[in-house]
Amino acid sequence: MQSFVAVVEAGSFAEAARKLDLTSAAIAARIKALEMDLGVALVKRSGRSVRPTESGMRILEGTKAAIRNIRDLRAMAIDGDQPGEFRIGCFVSALTNVLPPILKSLYRRHPDASVFVTPGGSIDLCGKVVNGELDAAIVVEPQFSVPKSCLWQPFMEEPLVVVAPSHLAGQDAHTLLSTQPFIRYDRNIYGGQLADRYLRDHQIWPKQRLEIDGLLAIVALVHEGLGVALIPDWSSMWKSLDVARIPLPNRAPVRRNGLIWNTRGHHAKMAASISQDARAIFGGLEEREAKE
């Protein structure tokens with residue numbers, strides 16, 4: 001069932017195999033076994049891609065639910081006091097510096113908790129929380145109305161900063177953005193859209209060299225002297241790289257990260273405690289909100 005869902009979501013046997021760390025042949029064999037058990041074809045090839053059949057589409061959501069229930073049963077079998085597996089999503093850039101301290105706090109409160117982590121983009125993760133695939137997710141602030149069944153609470157802010165090679169430290173941020181080769185943060189990502197809006201609002205037309213997703217990748221390119229960038233401030237992750245962090249003049253736009261969870265789910269209390277712990281871990285947000 002897991003292989004079937006992976007193939008449908010990835011659109012190919014090869015991509016599903018990479019996701020599950022299996023061979024394409026193993027994925028195909030698993031789906032064939034499921035098809036034989038059910039007596040219907042579940043997927044069909046369309047050129048180089050793979051698509052679900054009508055029968056496959058009919059069972060897709062039920063299959064996802066069955067996988068979730070099996071994980072919960074396994075967790076409860078190990079420890080009857082556990083309410084099942086806690087499923088949390090996390091946007092990719094936050095996996096290395098935001099998620100670990102949050103999980104450390106979670107295990108301090110619930111040392112025997114069973115947790116399943118799903119990486120992904122913020123928009124997709126929000127959708128999975130809404131439809132019940134995830135109990136909660138660490139995401140960038142949603143740019144749409146959150147359904148009444150869910151709650152999003154911020155726990156950290158990241159102001160935009162200019163990142164430049166260290167020999168350019170001390171120079172004016174706007175001058176650097178106007179004159180140096182520019183490494184643009186992907187405008188399909190909210191942080192990239194925030195940076196693009198700032199540049200347009202201040203009539204700065206940078207000399208774009210390339211556009212890419214991934215904050216650490218961008219800083220690594222700056223470290224190699226390939227240009228400057230305007231990105232959310234993750235300077236705690238850049239200590240080993242030879243780059244300069246140059247603040248924007250006046251008040252910089254901020255990207256806010258937070259936790260979204262289903263308030264009606266059976267893990268709602270755990271999610272609320274994670275949100276509270278995250279605000280304490282990353283600190284200062286409540287005080288800034290009170291001043292504002």
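Me: Helix axes are lines fitted to C-alpha atoms, over the stretch in contact, and angles between them run from 0 to 180 degrees between N-to-C directions. At roughly what angle do the axes of α1 and α3 cross?

Reply: Two packed helices are described by the angle between their axes and the distance between the axes. In this predicted model, the axes of α1 and α3 cross at roughly 115 degrees and come within 8 Å. Angles of 65 to 115 degrees count as roughly perpendicular, and α1 and α3 are therefore roughly perpendicular to each other.

Me: Is the crossing of α1 and α3 left-handed or right-handed, and which residues in α1 and α3 meet?

Reply: The crossing in which α1 passes α3 is left-handed. On the α1 side the residues are S3, F4 and V7, and they meet I27, R30, I31 and L34 on the α3 side. Sorted by class, this contact of α1 with α3 has 5 nonpolar, 1 polar and 1 charged residues.

Me: How do the axes of α1 and α2 cross?

Reply: Helix α1 covers residues 2-10 and helix α2 covers residues 13-20, and their axes, which come within 8 Å, cross at roughly 125 degrees. That angle makes α1 oblique to α2, and the crossing in which α1 passes α2 is right-handed.

Me: Which residues in α1 and α2 meet, and how do the residues of that contact divide?

Reply: From α1 come Q2, S3, A6, V7, E9 and A10, which meet F13, E15, A16, K19 and L20 from α2. The residues of this contact of α1 with α2 divide into 6 nonpolar, 2 polar and 3 charged.

Me: At about what angle do α2 and helix α3 pack?

Reply: The angle between α2 and α3, the latter being residues 24-38, is about 100 degrees, and their axes are 8 Å apart. That makes α2 roughly perpendicular to α3. In α2, the residues F13, A14, A16, A17 and L20 meet S24, I27, A28 and I31 in α3. By class, the contact of α2 with α3 has 8 nonpolar residues and 1 polar residue, with no charged residues.

Me: What feature does UniProt place at residues 1-53?

Reply: According to UniProt, in an unreviewed entry, residues 1-53 carry the feature "domain: HTH lysR-type". In the model this span is 60% helix and 15% strand, and its end C-alpha atoms lie 15 Å apart.

Me: Which domains does the domain assignment of the protein give?

Reply: The assignment gives domain 1 (1-79), domain 2 (86-156 + 256-290) and domain 3 (157-254). Between the C-alpha centres of domain 1 and domain 3 there are 41 Å.

Conventions: Residues are numbered from 1 along each chain as its sequence is written. This is a predicted model: local features need pLDDT of at least 70, side-chain atom pairs count only at pLDDT 80 or more; totals for chains, interfaces and linings use all residues. Side-chain values use heavy atoms; hydrogens and water are left out. Helices (H or I, at least four residues) and strands (E, at least two) are DSSP runs, numbered from the N terminus. Angles under 35 degrees count as roughly parallel, over 145 as roughly antiparallel, 65 to 115 as roughly perpendicular and the rest as oblique. A crossing is left-handed if the near helix is turned anticlockwise from the far one by less than a right angle, and right-handed if clockwise. Contact means heavy atoms within 4.5 Å. Ala, Val, Leu, Ile, Met, Phe, Trp, Tyr, Cys and Pro count as nonpolar, Asp, Glu, Lys and Arg as charged, and the others, Gly among them, as polar. Domain bounds come from an automatic or database domain assignment. UniProt positions are given in the numbering used here, feature names are shortened, and annotations may be inferred rather than shown by experiment.
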